[in-house]
Amino acid sequence: MKRSYFIKKVFQALLTIAAILVFNYFLFRIMPGDPLQSLMRNPKATPEAIEGLKKLYGLNYPWYVQFEIYIKNLFSGNLGMSFLYKQPVYEVIGSRVLPTVLMVGLAEILATIVGIVLGILAAARRGKAVDVASLSFSLITYSMPTFWLGIILVSIFSVSLQLLPTTGLLTAGQSYSSTMSMLVDGIKHLILPTLTMSLVLIGEYTLLMRNTLIDVLTEDYITTAYAKGFNEDYVIKKHAVPNAMLPMITIIAMNTGFVIGGAIQVETIFSWPGIGRLMYDALTARDYPLLQGIFLMITFAVIIANLLADFTYGYLDPRVKQ
Amino acid sequence: MKDMKSKTKRPKLKKFLVSLRNSKMGTMGSVILVFFLLLAIIGPIIYPFNPQVFGTGREILNSPSMHHLLGTDDMGRDVLGNLIAGSRISLLVGIMATLISMIIGTVLGILAGYYNKRIGSLIMQFTDFFLVIPWLPLMLVLAVILGTSIWNIILVIGLTGWAGTARVVRAQTLSVKERPFIERAVAIGSSGRHIMVKHILPNVFPLVFANTILVSAVAILSETTLSFLGLGDPTQPSWGMMLHYAFESGAASIGAYWFFIPPGLAVVLVVLGFTFLGYAFDEILNPKLKGR
Amino acid sequence: MELLEVKNLKTYFKTQKGMVKAVDGVSYSLDYGKVLGLVGESGCGKTTTALSIAKLLPPEGEIVSGEILLEGEDLLKLSKNKFKRKRWKDVSIIFQGAMSALNPVMKVGLQIAEALMLHEKLTYKQAMNRTKELFKLVEIDENRVSNYPHEFSGGMKQRVMIAMALACNPKVVIGDEPTTALDVMVQAQILNLLEKLKKEINMGLILITHDLSVLGEICDNVCVMYAGKIVENGTVEKIFNNHKHPYTHKLIKAFPNIHGERKLSTSIPGNPPNLLTPPSGCRFHPRCEFADEKCRTKEPELNKVGDHHFVACHYGGAFI
């Protein structure tokens, strides 16, 4: 991609990250009353945790010094001590990243593939059964709270049909005769959370692909392609879809924030030991350092995802390429 | 001049209502919303519900019967009554939060569009910043910090949902700004504030209204999700709180479908209602979109 | 036998308000190696006849009746598949607005090569070689086959469109206002190119335009259209120097003559016709100062007024 484009996008990302750091810092200052007081009222706050927080925020110093301490701490990876886990925040977060990446990653891949295929079908057979069905599906999943969909799936597959487990990464207290049987158990646990996430995303991506493709199909170069004597399959595959994919990629990446929101809900329902569930636990326990750390991490992830999307777009769109 | 205005406004409204009735989506959406609105206003009066009154041990999680048409919840309370009472709260929160979002979004959008050089780009940077931050984590964090009374919830949802509106309003303001009557107003010396309020706002309003409908849908989903995650007002029996208690008490594992299905279904219906209406408005305002 | 014969073509569009009679009984013919100009105001139906020949009408459009004979074969009677094979090989189009007629994410060379691979069954390499030859023909550097559309200027994009239209050595090429969006210098270059090609390949070219200077430069015959009908049809000399229809007269007079007096050209009074409910009788009568009762009630036929010269007017040139 053009050098100027690359530099501009990186600069914007850095600017946003800086803004987030400031925002995150002040966020926990707007609590009514002295932050320390309300923290001390928290029953889970041990004296060590409060001391850790005091040190982290440097609450005895003037505000610009406090901010400097905050930034310094951040860069050395010190996000404070978690009230709930009595461990450094970054350690707690670190141990929970993988399950989320696994579940969300699988769901995104599945949803992207299915969504694109269904979207193409819906756009190509506009107004017919496929289109109406997929539109209705999208509309309904869009109107449903993600967690509710999870509850319904649990009640169907776990309770009524007794096919799949309801919680966790693996069955608690289970011993396995082989790696294979452990893998199978893990997969069984993975299915419902991933399915819940996927269904919501499929609804969104199908609608997106369909609408984008319909717009592309009204362009003049599509008429040119038909004029050359190609049939519908070829025109859609070779001319329309490549043009529709560009905005799709951008929007899928920008959607990361929404996906995180969904992950929080899904992980809560299924007690899936990831970042989402961690945030829910931190919430319930009013574990401020942990909350702040997770919030920072999630927002970082979204900004990076957007940046990667910009790079991918710059690589794929010839108008932006060198 | 004043007479001309009132003469042209009335047929516009009538024409608008007629095209709304002609659109299938518009009628469906309106019907659903009117139903829930009536339910919210009159329902709790006809069929009162007191969340403080618990049932006896035997009345916990009873399946639907003649006595309780939708069964009882984990505290022995009537699910149907809770459902009706919840409509009032969920709709109230949704509408109030949306109002806050719309006001902030419209004001910032018009300002950014009208003063679109330095002030405008500053506002848009701020708006884009808000758009990047993931919505649910932000709401969760704000709710934890501010506390979980119903007014705080309304504030939290309202303060996080304005960015999309601001963007859309700004774009519309930019295009309205180019119209000749604005140029005339500036030429005769009208102040910026006068132009923005008397000229730009009325022209931006239809778009704002259509946007409001769609934002309401998101606001209701947000309240439901926040309450479900334990950040709702525990004294308010909203649909989200019902689902929260349903989950906490393990209703799903027991198969107490009457507890967790109705509130979720109610949310889906209301959101569908707003979405249909919003699409219908969009189509009417932008006839190019017809036939989607 | 003529290369192309359009006989009594009627193409209507279904709209919410009714049937728009865009082309209402149009006949003309094109011979090998000749250029036919279709001229008229916007909305007179000239593009629609072209789209009808190429069967590229939008969903609301329908060819209601008529025949389109390509070397004697009626294209309208062919099955969808049979016609698809004829596309681009027999009839190709140079589209108006090359800016948007090229796929922005596909290399330009491939957009031409794909037609060759489809119709001439060439391999990719063979097709690319042929594409390079075509680029040479239209005077573009052949190394630019791997460029994308946005890397070309407007004029060059139009040349690419011409190269693309010629790729399969079609019998008939339809140029839909190929020079309209270009500046005068580039326009002249494109016309010279078309002139050169007309001599080298024996193709028939239908040139749709509302620009009379283009007409004069390159056309052999001219069809003047108005409100979905042909009002005059003849050789280019007859149309310019000996036209008989009041509309043709006004059209030509509306064009400033660089050799003539320096005065404001007269525009044509009145409004463009409504094609939903066209005027009764002669469709031009509301704007014609010579119109009488006969003109208002009876529709004139195309009558021969000279060698290769037809006019649809009850008074055939009496007033000019």
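These legends go with close-up views of a predicted model.

**View 1. Chain A is built from helices.** Chain A has 14 helices and zero strands. The chain holds 322 residues, and 51% of them count as buried. Now take the contacts in chain A between residues at least 6 apart in sequence. Of these, 74% join residues at least 24 apart. Chain A exposes about 14,800 Å². Carbon and sulfur atoms supply 67% of that area.

**View 2. Chain A meets chain C.** Here 18 residues of chain A are in contact with 20 residues of chain C. In chain A, the residues that lose the most area to chain C are A:Ala227, A:Lys228 and A:Pro318. Together they account for 32% of what that side buries. The area buried between the two chains is about 1,800 Å². Carbon and sulfur atoms give 64% of it.

View 3. How many salt bridges cross the interface of chain A and chain C? The rule finds one. In it, the side chains of A:Lys228 and C:Glu114 meet, with 3.0 Å from N to O. Two elements of chain A give two or more residues to the side that touches chain C: α10 (220-227) and α11 (232-254). By class, that side has eight nonpolar, six polar and four charged residues.

**View 4. C:Lys86 pairs with C:Glu73.** A search of the whole structure finds 23 salt bridges over all chains. One joins C:Lys86 and C:Glu73, whose closest N and O atoms are 3.1 Å apart. The pair links distant parts of the chain, 13 residues apart. C:Lys86 sits in helix α2 (residues 80-86) of chain C, and C:Glu73 in strand β5 (residues 73-74). C:Glu73 is partly exposed, at 33%. Both residues belong to a network of salt bridges that also includes C:Glu71, C:Asp90 and C:Lys171.

**View 5. C:Arg130 and C:Glu133 pair within a helix.** Side chains of opposite charge can pair when their charged atoms come close. The side chains of C:Arg130 and C:Glu133 meet in a salt bridge of 3.7 Å, N to O. Both residues lie in helix α5 (residues 124-137) of chain C. They are three residues apart, about one turn of the helix. C:Arg130 is partly exposed, with a relative accessible area of 22%. C:Glu133 is also partly exposed, at 48%.

**View 6. C:Lys229 reaches C:Glu299.** C:Lys229 is found in strand β10 (residues 229-235) of chain C. It forms a salt bridge with C:Glu299, the closest N and O atoms being 2.6 Å apart. C:Glu299 lies in the loop between α11 (293-297) and β11 (303-306), so the pair ties together parts that are 70 residues apart in sequence. The two side chains are also joined by a polar contact of 2.6 Å. C:Lys229 is buried, with a relative accessible area of 18%. C:Glu299 is partly exposed, at 35%. Leaving out residues up to four places away in sequence, C:Lys229 touches C:Asp24, C:Val26, C:Val224, C:Arg283 and C:Glu299.

Terms used. Residues are numbered from 1 along each chain as its sequence is written. Chains are lettered from A and ligands numbered from 1 in the order in which they are written. This is a predicted model: local features need pLDDT of at least 70, side-chain atom pairs count only at pLDDT 80 or more; totals for chains, interfaces and linings use all residues. Side-chain values use heavy atoms; hydrogens and water are left out. Helices (H or I, at least four residues) and strands (E, at least two) are DSSP runs, numbered from the N terminus. A polar contact is a pair of N or O atoms within 3.5 Å; within protein, one must be able to donate a hydrogen and the other to accept it, and residues adjacent in sequence count only if both atoms are side-chain atoms. Contact means heavy atoms within 4.5 Å. Buried means under 20% relative accessible area, exposed over 50%, partly exposed in between (1.4 Å probe, protein chains only). Accessible areas come from the Shrake-Rupley method with a 1.4 Å probe; for residues, only the protein chains shown count as cover. Buried area is the accessible area (1.4 Å probe) that two parts lose on being put together, summed over both. A salt bridge is a side-chain nitrogen of Lys or Arg within 4 Å of a carboxyl oxygen of Asp or Glu. Ala, Val, Leu, Ile, Met, Phe, Trp, Tyr, Cys and Pro count as nonpolar, Asp, Glu, Lys and Arg as charged, and the others, Gly among them, as polar.
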